[in-house]
Amino acid sequence: MVETQITGRGIKQKEVVDAMLKVPRHLFTEETFISQAYNDYPLPIGGDQTISQPYIVALMTEALKLDGTEKVLEIGTGSGYQSAVLSLMAHKVYSVERLSTLADRARKILDSLLCSNVVIRVADGTLGWAVNGPYDAIIVTAGSPEVPEAYMQQLKVGGRLVIPVGGEQAQELIRVTRLEGAFKKESLGGCRFVKLVGKYGWRAKETGSATY
Ligand code: SAH
């Protein structure tokens with residue numbers, strides 16, 4: 001997986017490559033999909049959600065420019081796979097998930113891998129997680145119609161935010177860097193994520209199963 005999908009497609013940061021080599025992706029997929037865990041696509045993890053494609057995980061992680069000292073906010077814990085990669089690359093990871101079933105499952109897997117620097121909370125992540133901020137880096141692993149204001153506010157000067165922004169079917173991966181008195185925006189290319197559902201994202205369906 002790492003040779004063909006990660007380094008083969010231009011991911012260069014050694015720490016990202018090492019983390020992708022270390023984290024056992026098959027532990028994060030559903031049992032039915034274990035044999036496909038290292039394939040080049042996202043997989044279902046229950047609750048209509050997915051574990052992201054390996055390349056996208058590596059691309060977003062590299063875009064955060066982490067050196068191991070950072071406090072990172074992740075929105076959309078999902079399976080916990082991206083959190084595990086981040087836990088090897090940052091000092092502390094605060095991760096928010098709206099579905100408690102996924103958060104509980106992710107917690108168990110991360111505990112089994114001794115990822116003790118990841119803290120998970122069940123809440124609407126479109127509000128960020130103000131009490132622990134500001135953050136050196138923020139990563140949003142669900143697609144949003146626009147960038148929720150809270151993320152800009154909870155980013156340190158010099159900090160990086162990586163988020164998919166756009167429509168329900170396709171988005172653009174954006175990196176926002178907070179400068180003194182300004183925000184710099186860069187496009188990292190097209191992508192397709194499940195929806196960021198919450199107060200400042202997409203609206204939950206009437207039948208939605210959020211548990212916060
Ligand atoms: N990073 C995950 C992929 C998650 S898929 C992984 O590696 O497996 C996107 C996740 O975002 C889903 O679990 C979904 O429930 C969650 N999500 C959607 N809207 C959210 C919100 N407002 N706050 C927190 N989590 C949210």
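Residues are numbered from 1 along each chain as its sequence is written, and side-chain values use heavy atoms, with hydrogens and water left out. In this predicted model, local features need pLDDT of at least 70 and side-chain atom pairs count only at pLDDT 80 or more, while totals for chains, interfaces and linings use all residues.

The ligand is surrounded by 27 residues, and Ser79, Glu97, Asp124, Gly125 and Val197 are the closest (a residue is near a molecule if one of its heavy atoms lies within 4 Å of it). By class, this shell comprises 11 nonpolar, 11 polar and 5 charged residues (Ala, Val, Leu, Ile, Met, Phe, Trp, Tyr, Cys and Pro count as nonpolar, Asp, Glu, Lys and Arg as charged, and the others, Gly among them, as polar). At least two shell residues are supplied by each of strand S2 (49-51), strand S3 (71-75), helix H4 (81-87) and strand S4 (92-97) (helices, H or I with at least four residues, and strands, E with at least two, are DSSP runs numbered from the N terminus). Strand S2 gives the most, with 3 residues.

An oxygen atom of the ligand lies 2.6 Å from a polar side-chain atom of Ser79. Ligand nitrogen is found 3.1 Å from a polar backbone atom of Gly76 and 3.2 Å from a backbone N or O atom of Arg98. Of the 580 Å² of accessible area that the ligand has on its own, the protein covers 99% (Shrake-Rupley method, 1.4 Å probe).

The largest pocket holds the ligand (more than half of the ligand atoms lie within 2 Å of its grid points). A pocket is an open set of points on a 1 Å grid over the protein atoms alone, where a 1.4 Å probe fits, with protein on both sides within 12 Å along at least five of seven lines; lining residues have an atom within 4 Å of a point. The space in this pocket is about 520 Å³ (the volume filled by probe spheres set on the points). Its lining has 35 residues, of which Gln49, Thr50, Thr141, Ala142 and Val194 are the closest to the centre. The lining divides into 17 nonpolar, 12 polar and 6 charged residues. S2 provides the largest share, 3 residues.

Two backbone features lie in loops. A cis peptide bond, with omega about 0°, joins Gly133 and Pro134; Pro134 is in the loop between strand S5 (118-122) and strand S6 (135-140). Asp48, in the loop between strand S1 (43-46) and S2, has a positive phi near 65°.

Key. A polar contact is a pair of N or O atoms within 3.5 Å; within protein, one must be able to donate a hydrogen and the other to accept it, and residues adjacent in sequence count only if both atoms are side-chain atoms.
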